[in-house]
Amino acid sequence: MYKKQADTIRFLCADMVQKANSGHPGAPMGLADIIAVLSTHLNHNPKNPSWLNRDRLIFSGGHASSLVYSFLYLSGYDISLDDLKAFRQLHSKTPGHPEIETAGVEIATGPLGQGVANAVGFAMAAKSAENLLGSDIINHKVYCLCGDGDLQEGISYEACALAGKHNLDNLVIIYDSNEITIEGDTAIAWSEDVKVRFEAAGFAVAKIDGHCYDEIEFALNEAKNKTKPYLIIAKTKIAKGAGELEGSHHAHGAPLGAEIIAKAKEAAGFDPNLSFFVDDDVKFWFNLALERGDLANALWDKKVSELSQDKKELLNSLLNPDFSKIEFPVFNAQKIATRDSNGKILNAIAAALPGFIGGSADLAPSNKTELKGFGDYPNGKNLHFGIREHAMAAICNAYARYGIFIPFSATFFIFSDYLKAGARLAALMRLKHYFIWTHDSIGVGEDGPTHEPIEQLSTFRAMPNFYTFRPADGVENVECWKVALRLNAPCAFVCSRQGLNPLDEPKFGSVANGAYLIQESQNPQITLVASGSEVGLCLEASKLLENSGIGVNVVSAPCFELLCEQDGDYIKRIFSPNTKILAVEAASALEWYKFADNVLGMSSFGASAPADELFKYFGFSATNVANIAKDMIK
C-alpha cells in the first residue's frame, strides 16, 4: 500500500507539471515514498487546518509544490482534483510555489533555505507556547522536508545552529539527499559532510534509504523519542520511477514528457492512458487523516475545557489580543532618540500582550529592544538570535504564523539588507511581524558609510503590503505603533540613534493618514515634507523662511505607504497645489518625486565623522533647506 500511495503521488505530480507545461517534477517524485510513510505519523486535522496543536509540516523546497498539493488533496484538505489540474494557473489554489491562501500550507517558502529557518521558528514557537500553556496543551512536532539547495543556503545553518543550541527535540528535518541541483551533480560545488556538520550543531542524525519504507518508518519512530533536534538524511533518486530521467538533473525543473510519464505508469502497474488517477483504496488510506485528526482535535478540545480559568483566559488573550489594554508611555516636551522611545513602547506592549515576543540579532542594548523583567527564551519573551539577521526574520515569520504570537525582530537599519528575503515573504503573507531597525541614517556618524543606510528606506517603501514607519519624536512614535498594531501586514520602525526634539501638535490629519500638517501658514508658498530627524530640520528651516516673509507649510510623513493610500482631497489638503513642494530626507528619497517638485536627499554613500558634521556636509542644514526653498519659488 505504501508503494501504491507513493506511485499515486508521483504520477499526480508528473501529471500536474505536464498539464501546466511548467514546474518541477523531480523532487516530488523522489520524496513520494517518504510522504507516504510520513502521512501516517502526522498529527493534523484537514477539517481544521488552524488547530493549534497540529504537527507542522514545512516544505522548504517550495518548487516541490506539486507534492504539497497532492498530499493536501489526498489527505482531505480543501483542494480538489480540479485544483490539481489548475496547477500554476491564474487565481488557482495551486500556485507555482506554496502560498498561505491554500488551506494546509503552513508558510510561504520561496527562496531556498527559508523553510528550514521557518521550521526552526515553528519549533521555537512551540516551546514558547508550551511554556505558557503547558505540555498537555502544546506537544506537537515540526517536520521539515528540505533538499541539497536548502542546506547550501547560509540561512539554514544560521537557524539550525540555534535549533541545536536550544535542544529543539520537537524538530525533525528530513533531508532529501538526491545530490542533484539545476546545474548537475552537487559535487561541482559542494563536498562537506552534512552529518558531521549537524552533529556539531547539536543534532541527532540518521542516514537512511529514502525509498525503503522500513527504514523511513524506523527513522520516524525514532524521532518521537529524541532529546535533540533530529536530522534524517534520506538518500533518494530525483524523479524516482521516471525511467531514463530518474537521477538526472534534467528532471528538476521541466515536464517529463507524455511518453516518459506513460512508460513510468505502465512500469508501476498503472494505466498509462489515465491522468490524475487516484484509486479508491489510496484515497481511503490518506483520508484516514480526517478521522484521526478529528479525534485528536476533540481530545485536545477536552483538555482545553479542563484548564484552569487563568489558563483559559491566557489562551483567549493569546488568540485574541486586546490592544486597548496597552498603557503607552507618555512623551511630552522631551528630547529623545526614537530608538529610546521605541524601547519604552515595546516594553509597554509586552506588559499588556502575553503573545508579544521578540529580540535582536545581538544588538538589544543598541536597538533598545530588551523586554525588561520578561526573561529569556524559552521561558521568557526575549529571543536571542546571535548575529543571524537572515534566520531571525524567517524564525519570526514562523512565530507570526504559529497562531498566538505577535513577534518583533531587530537590528541596525543597514543590516536590513541581510534579512530582506524574510521581510518580503512577511509582506507576501501579510504577517504581523514588526521589524525594529535603528541607526537610521547618516546620523550613525563615526561608524561611516558601511553602517549608514542610504537606499534602504526607498527599498522597503517600494515593497507591497509593507509599512515603514519613521517617527519624528516620541509622541509620533506612540501614534505610529497604535496604527501599526491594527494593520494586517508587517511593519518596520526605522528609528534614530540621536535625540530628536519634540514636535508641535498636528494642525491637520494624523499618523493614520501617513502624513499630516504640523505647521500651516495662512499664505503658504512652499511646503516642506520630511520624516524622522529631518522633520525637526524642516521646522528650523521654516523659521528662516518665515523671517524672510515666505509662508511655509511643514508636513511630517512618518509612513509613506499610508500616505500613498489617501484620496486626492487629502493629498491636496496637506500638499497645497498653491505651493511648491520640497521633500527632505537623509536617504536616496527618490520616491518623494511622486508628490514633490524637488527632493533634497542623498546621492552618495555617507562618510565617517560626527553626525552633526555629516548632516551639514551633505546639505542637511536649516540654511541650505531654506536656500533651496527660496530658489524653488523665484
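How do the residues lining the largest pocket divide into nonpolar, polar and charged? That was my opening question for this structure, which is a predicted model.

**Entry 1: the largest pocket**

I counted the lining by class and got 10 nonpolar, seven polar and seven charged residues. Next I looked up the volume of this largest pocket, and it comes to about 650 Å³. There are 24 residues in its lining, and N501, S533, G536, L537 and E540 sit closest to the centre.

Which helix gives the most to this lining? I found that helix 19 does, with seven residues. Helix 19 runs over 533-547, and I noted that strand 15 (499-500) and helix 22 (611-617) also supply at least two residues each.

**Entry 2: the second largest pocket**

I moved on to the second largest pocket, which holds about 550 Å³ of space. Its lining has 33 residues, and I wrote down P49, S50, R54, E106 and R401 as the ones nearest the centre. By class I have 20 nonpolar, eight polar and five charged residues here.

Where does this lining come from? Strand 1 (56-59), helix 3 (65-75) and helix 15 (389-402) each bring at least two residues. Strand 1 gives the most, with four. I marked helix 15 for another look, as it is one of the suppliers of this lining.

Two packed helices are described by the angle between their axes and the distance between the axes, so I looked up both.

At what angle do the axes of helix 7 and helix 15 cross? I have roughly 70° for the crossing, with the axes coming within 8 Å. Helix 7 covers residues 154-165. Angles of 65 to 115 degrees count as roughly perpendicular, so I put helix 7 and helix 15 down as roughly perpendicular to each other.

Then I listed who meets whom. From helix 7 I have I155, E158, A159 and L162, and from helix 15 they meet E389, H390, A391, A394 and I395. The residues of this contact divide into six nonpolar, one polar and two charged.

**Entry 3: salt bridges**

How many salt bridges does the model have? My count is 24. D78 is in the loop between helix 3 and helix 4 (81-85), while K93 is in the loop between helix 4 and helix 5 (114-133). The two are 15 residues apart, and I noted that the pair links distant parts of the chain.

Notes:
Residues are numbered from 1 along each chain as its sequence is written. This is a predicted model: local features need pLDDT of at least 70, side-chain atom pairs count only at pLDDT 80 or more; totals for chains, interfaces and linings use all residues. Side-chain values use heavy atoms; hydrogens and water are left out. On a 1 Å grid over the protein atoms alone, a cavity is a set of points where a 1.4 Å probe fits but cannot get out, and a pocket is an open set with protein on both sides within 12 Å along at least five of seven lines; lining residues have an atom within 4 Å of a point. Grid points are joined across faces, edges and corners, and a volume is the space filled by probe spheres set on the points. Ala, Val, Leu, Ile, Met, Phe, Trp, Tyr, Cys and Pro count as nonpolar, Asp, Glu, Lys and Arg as charged, and the others, Gly among them, as polar. Axes are lines fitted to C-alpha atoms, for helices over the stretch in contact, and angles run from 0 to 180 degrees between N-to-C directions. Angles under 35 degrees count as roughly parallel, over 145 as roughly antiparallel, 65 to 115 as roughly perpendicular and the rest as oblique. Contact means heavy atoms within 4.5 Å. A salt bridge is a side-chain nitrogen of Lys or Arg within 4 Å of a carboxyl oxygen of Asp or Glu.
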